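The structure comes first, then the notes.

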Amino acid sequence: MIVYISSTIFLFLFYNCYEYKNKNKDYNNSNTNTKLNNIVSDRYIIVNKTKSYILGALTPLAYYYAMIFLYDFDSHNKIILDFIGGVYAATDLSAMFYNRQCHTSTWIHHIIVQLLYLYCYLNNYDMETSLCKPICVYCCFSSMSYIVNYRVAIRYKNHRYE
């Protein structure tokens, strides 16, 4: 839980510092659709790029644990599971506080991730008698899809090489 809380605070502060440092840069697209511009804001881009980088860094560890879960090895290190789940959930919780203007499905995803993390934490990552194992598998595979967050962040930009 310490990783979860500290990561949430760190990410929230990072988002604000990054936005302050780059406030003169134009992240917004030139699209005139105001509803689209409200959802794809500077904050939306900052959150998704940062989440992409963090999940990309977690991918090797998540891949290792996904193989443990899929092949039913008995070496579950609860500290590392709490680290992966805490950081993953913290990216969503900090995004909820920082970027309040996002699509309803994004809000639902963020809330469900918080509830699933809390469930696993309160059940002490019990893989035998609870639903923690499928939740942890979901977390591992979701971490591996970091490129999706990056693509979502740059989808309305003219990045020639991205």
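This is a predicted model: local features need pLDDT of at least 70, side-chain atom pairs count only at pLDDT 80 or more; totals for chains, interfaces and linings use all residues.

Of the 15 residues that line the largest cavity, G85, Y117, I135, C136 and C139 are the closest to its centre. By the rule used, there is 1 cavity of 30 Å³ or more. Helices α4, α5 and α6 each contribute at least two residues to the lining of the largest cavity.

## Helix α5

Helix α5 spans residues 104-122, 19 residues in all, and its first and last C-alpha atoms are 27 Å apart, close to the 27 Å expected at 1.5 Å a residue. Its buried residues are H110, V113, Q114, Y117 and C120. Viewed down the axis of α5, these buried residues lie within an arc of 135°, so they line one face of the helix.

The cover over the buried residues of α5 includes α1 (2-21), α3 (42-70), α4 (78-98) and α6 (132-143). On the face turned away from the buried side, α5 carries the exposed residues T104, L115 and L122. After α5 comes N124, with a positive phi near 55°.

## Nonpolar core

The largest nonpolar core has 34 residues, of which Y65, F69, L81, Y125, M127 and C136 touch the most other members. Each of α1, α3, α4, α5 and α6 supplies at least two residues of this core.

Leaving aside residues up to four places away in sequence, Y125 touches K78, L81, D82, Y117, C120, C132 and C136. Among these contacts of Y125, Y117 and C120 are buried residues of α5, and C136 is one of the residues closest to the centre of the largest cavity.

Technical notes:
Residues are numbered from 1 along each chain as its sequence is written. Side-chain values use heavy atoms; hydrogens and water are left out. Helices (H or I, at least four residues) and strands (E, at least two) are DSSP runs, numbered from the N terminus. The expected span of a helix is 1.5 Å times one less than its number of residues. Buried means under 20% relative accessible area, exposed over 50%, partly exposed in between (1.4 Å probe, protein chains only). The arc is that of the directions from the helix axis to the C-beta atoms. Contact means heavy atoms within 4.5 Å. A nonpolar core is a set of buried Ala, Val, Leu, Ile, Met, Phe, Trp, Tyr and Cys residues joined through side-chain atoms within 4.5 Å. On a 1 Å grid over the protein atoms alone, a cavity is a set of points where a 1.4 Å probe fits but cannot get out, and a pocket is an open set with protein on both sides within 12 Å along at least five of seven lines; lining residues have an atom within 4 Å of a point. Grid points are joined across faces, edges and corners, and a volume is the space filled by probe spheres set on the points.
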